[in-house]
Amino acid sequence: MQDAIGRAAKLLRERGRAIALTGAGISVDSGIPDFRSAEGLWSRYDPMEYATIDAFERDPAKVWRMVRDLESLVTSAEPNPGHLALEELERQGLLEAVITQNIDGLHQRAGSRKVVELHGSADRLVCRCGLRLGASESPPGEVPRCPACDRVLKPDVIFFGEALPQGALRKAFEYAASCRVVLVVGTSATVSPASELPLLALRAGASLVELNLERTGLSQLCQLRVPGPSSVTLPAILEALGQT
């Protein structure tokens with residue numbers, strides 16, 4: 001692994017203008033299991049029953065029970081060394097942005113400034129009237145209601161059946177088209193449209209570096225693969241950068 005760490009650091013130093021595409025794997029060491037893992041949210045809640053926009057509109061009280069479990073996971077989690085390493089890479093001018101499929105807000109809490117959230121954030125609530133609130137401002141009650149119009153508030157996350165936020169998607173594709181390195185961290189990058197970002201970057205001449213525990217469908221396209229938990233590999237790359 002040390003050889004791969006050194007090569008990743010050299011690639012970042014020489015090519016610069018990197019972006020990170022992150023998924024559930026980067027937050028596992030913060031205590032948030034992958035939703036699809038044996039300990040994950042989908043082991044307790046059938047996503048087709050609880051996590052679709054139709055389910056929310058049909059029975060918001062039922063869906064909010066799942067959301068409360070999600071909130072308890074997110075609020076108790078802290079950024080791990082992987083999140084902190086990405087913030088330091090940004091501070092050093094080597095990382096342009098983080099594009100994340102996560103809704104836990106841990107990149108921002110680690111200090112990253114340029115974060116594109118493809119699936120929204122559990123830290124916010126939204127109403128169809130346009131009002132937005134921080135999750136900490138949630139009105140009391142089993143099902144929070146909008147203080148402006150009394151409609152049921154929704155967590156600002158993308159449920160199955162909803163379109164991704166167009167502004168975030170457009171920004172993500174802009175970053176992918178102009179970067180020179182993509183760090184693919186803790187994601188299999190197989191779900192569209194996030195799966196299209198590494199391919200777009202590759203066609204534009206970028207190098208792909210995969211940081212994952214297991215091989216994925218993207219592995220064969222990557223110039224470099226760094227196996228291991230990102231809470232270990234990202235700080236190791238940061239340390240190696242100081243030696244290049």
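Both faces of strand S1 are covered: Ala18, Ala20 and Thr22 on one side, and Ile19 and Leu21 on the other, are all buried. Buried means under 20% relative accessible area, with exposed set at over 50% and partly exposed in between, using a 1.4 Å probe and protein chains only. This is a predicted model, in which local features need pLDDT of at least 70 and side-chain atom pairs count only at pLDDT 80 or more, while totals for chains, interfaces and linings use all residues. Residues are numbered from 1 along each chain as its sequence is written, and side-chain values use heavy atoms, with hydrogens and water left out.

S1 spans residues 18-22, and because five of its five residues are buried, the strand is largely enclosed by the rest of the structure. Strands here are DSSP runs of E with at least two residues, numbered from the N terminus; helices are runs of H or I with at least four residues. Two strands pair if DSSP finds at least two bridges between them. S1 is joined by five bridges to strand S2 (residues 95-100), and the two run parallel. Within S2, leucine 95 is the bridge partner of alanine 18. Five bridges also join S1 to strand S7 (residues 181-185), again in parallel. There, valine 182 in S7 stands opposite isoleucine 19.

The cysteines come next. A disulfide is a pair of cysteine sulfur atoms within 2.5 Å, and a search of the whole structure finds zero of them. For cysteine 127, the closest cysteine sulfur belongs to cysteine 149 at 3.4 Å, which is too far for a bond. Cysteine 127 has a relative accessible area of 9% and is therefore buried. For cysteine 179, the closest cysteine sulfur is that of cysteine 222, at 12 Å, also too far for a bond. Cysteine 179 is buried as well, with a relative accessible area of 4%.

Not counting residues up to four places away in sequence, threonine 216 touches Thr187, Ser188 and Glu210, where contact means heavy atoms within 4.5 Å.
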